Every structure is written in structure tokens, then in C-alpha cells.
Amino acid sequence: MNSIIENSLENSFSYQEYRSHVTQLAKENKTTGHEQREDLIHYTQLNETRLNRLDKTIQITDEVNSFLKNLKKEYIWLVISESWCGDAAQILPIMNKMAIASGKINLRIVLRDDNEDLMNQFLTNGTKSIPKLIIIDKETNSVITDFGPRPKAAKQLILDYKAAHGSIDETAKIELQKWYLNDKGISTQKEIVDLMQDFKS
């Protein structure tokens with residue numbers, strides 16, 4: 001494992017630590033990241049509500065649950081996030097439930113703005129898009145693959161909207177959140193498991 005990832009892991013949150021941090025920030029009208037803007041604070045508060053709901057309602061499918069329980073190796077899932085990120089609020093509770101179901105996955109979370117060197121290693125089309133999941137083999141400390149910032153159908157929704165309207169506005173964000181609501185975390189689960197199929201043994 002390279003030193004950048006090692007340093008990031010040393011400064012990472014567990015899921016419960018991250019959730020407590022976001023909850024406290026929302027109460028204090030603050031956000032993670034290097035900018036304390038009104039819109040980012042608003043999104044952090046929205047996401048706190050989403051996280052609370054999804055922590056209670058997200059279910060792992062039987063197929064995914066079976067796959068996770070039969071993993072032979074142990075893994076570290078290192079996720080780059082920020083409290084204001086709507087995609088992260090939708091996806092992190094799914095990853096947490098998957099990690100719990102497996103028992104062989106250690107989920108750790110780092111903040112993008114505090115881990116710029118790490119983020120720069122996992123850009124999406126040259127952008128610092130989050131959340132970004134980095135899957136690490138715990139035994140060899142090697143990065144196996146990564147996932148993010150959103151499932152394929154959600155990515156396509158945003159691409160289509162941008163092509164039709166020229167930019168991503170509040171309406172696009174609402175449509176994206178509706179997509180997540182209807183999908184119930186199934187696409188995220190399936191795509192992560194598909195990525196892991198080749199190296200689960």
C-alpha cells in the first residue's frame with residue numbers, strides 16, 4: 001500500500017464516527033470541507049436527514065448478502081466523501097450495511113478536502129467526484145479496484161440531463177435523489193459485487 005493511502009487510513013473515520021461528525025456539524029450549521037458556504041451547510045443538513053432514514057431502511061438483497069458472507073479474504077473499503085455530497089449520503093449507508101453483512105470488510109471514510117493527494121489518485125474524468133470507494137486487499141495492502149461516484153444508471157441520468165439542459169441545476173439534483181429513492185440501493189450493491197467477483201477467492 002502506498003504512503004498516501006496509509007496516511008489517509010490513519011486519519012480516517014469509522015462509519016459511526018463519520019455519522020456522529022456529520023450530525024454534530026448539521027446541529028452547528030457547519031459542513032465538512034474547506035469552504036463554509038450556505039449552500040453546502042444546507043446540503044449537509046439535508047444529508048443528515050437522508051442518512052438517518054437510509055440507516056434504518058436500506059436492505060441488502062439476499063444475493064448480495066450471500067456473496068458477502070462467502071468472502072474468503074478480508075478487505076478495507078476506503079471511501080472519499082464530504083458531508084454536503086448528496087451521492088455520498090445515498091451510498092454510504094449501503095456500503096455500511098454491506099460491510100456489516102460480510103464481517104470481512106473494514107469500512108473507513110476520509111474527507112476529500114483533507115486528503116487531496118489521495119483524491120488526485122482516483123479522479124473521475126479528471127474531476128474530484130465523490131464518493132469514491134477504494135477496495136484494498138487487507139492481506140497484501142494492494143488496491144484492487146474502485147467504484148464511484150455513482151451507479152451507472154445514475155451517471156447516465158446526469159449525463160442526459162446535462163446534454164439536454166446544458167448544466168446541472170437543482171432540478172437535476174432532485175431527479176437524481178428520486179432515482180436513488182426508487183432504486184433502493186440495489187444498483188450500488190450489484191455493481192460493487194460485480195467488481196469484486198473476480199477476486200473474492
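The buried residues of helix H3 (38-57) pack against helix H2 (15-27), H5 and helix H8 (170-183); contact here means heavy atoms within 4.5 Å. Helices (H or I, at least four residues) and strands (E, at least two) are DSSP runs, numbered from the N terminus. The buried residues of H3 are Leu40, Ile41, Tyr43, Thr44, Asn47, Glu48, Arg50, Leu51 and Leu54, where buried means under 20% relative accessible area, exposed over 50%, and partly exposed in between (1.4 Å probe, protein chains only). The 20 residues of H3 should span 28 Å at 1.5 Å a residue, which agrees with the 29 Å between its end C-alpha atoms; the expected span is 1.5 Å times one less than the number of residues in the helix.

The model is predicted, so local features need pLDDT of at least 70 and side-chain atom pairs count only at pLDDT 80 or more, while totals for chains, interfaces and linings use all residues. Residues are numbered from 1 along each chain as its sequence is written, and side-chain values use heavy atoms, with hydrogens and water left out.

In soluble globular proteins, nonpolar side chains tend to be buried together. Leaving aside residues up to four places away in sequence, Ile192 is in contact with Trp77, Met95, Met98, Leu133, Ile135 and Phe147.

Next come the spaces between the atoms. These are found on a 1 Å grid over the protein atoms alone: a cavity is a set of points where a 1.4 Å probe fits but cannot get out, a pocket is an open set with protein on both sides within 12 Å along at least five of seven lines, and lining residues have an atom within 4 Å of a point. Grid points are joined across faces, edges and corners, and a volume is the space filled by probe spheres set on the points.

The structure holds 1 cavity of 30 Å³ or more, and the largest cavity has a volume of about 40 Å³. Its lining consists of Tyr18, Val22, Asn47, Leu51, Glu82, Ser83, Cys85, Ala88, Ala89 and Leu92. H2, H3 and H5 are the elements that give two or more residues to this lining, and H5 gives the most, with 3 residues. By class, 7 of the lining residues are nonpolar, 2 polar and 1 charged; Ala, Val, Leu, Ile, Met, Phe, Trp, Tyr, Cys and Pro count as nonpolar, Asp, Glu, Lys and Arg as charged, and the others, Gly among them, as polar.

Two or more lining residues come from each of H3, H5, helix H7 (152-165) and H8, and H3 gives the most, with 6 residues. The lining has 12 nonpolar, 10 polar and 13 charged residues.

The second largest pocket has a volume of about 190 Å³. Of its 13 lining residues, Leu54, Ile58, Leu181, Lys184 and Gly185 lie nearest the centre, and H3, H5 and H8 each supply at least two residues of the lining. Lys184 lies in the loop between H8 and helix H9 (186-196) and, at 56% relative accessibility, counts as exposed. Phi of Lys184 is near 60°, a positive value in a residue other than glycine.

Several other loops deserve a look. Asn141, in the loop between E3 and E4, likewise has a positive phi near 60°, and at 31% relative accessibility Asn141 counts as partly exposed. Cis peptide bonds join Ile130 to Pro131 and Gly148 to Pro149, with omega about 5° for the Ile130 bond and about 5° for the Gly148 bond. Most residues other than glycine have a negative phi, and most peptide bonds are trans. Pro131 is found in the loop between H6 and strand E3 (132-137), and Pro149 lies in the loop between strand E4 (142-147) and H7.

Arg112 is located between strand E2 (105-111) and helix H6 (116-121), in a loop, yet counts as buried at 18% relative accessibility. Beyond residues up to four places away in sequence, Arg112 touches Ile80, Ser81, Glu82, Trp84, Met119, Lys128 and Ile130.
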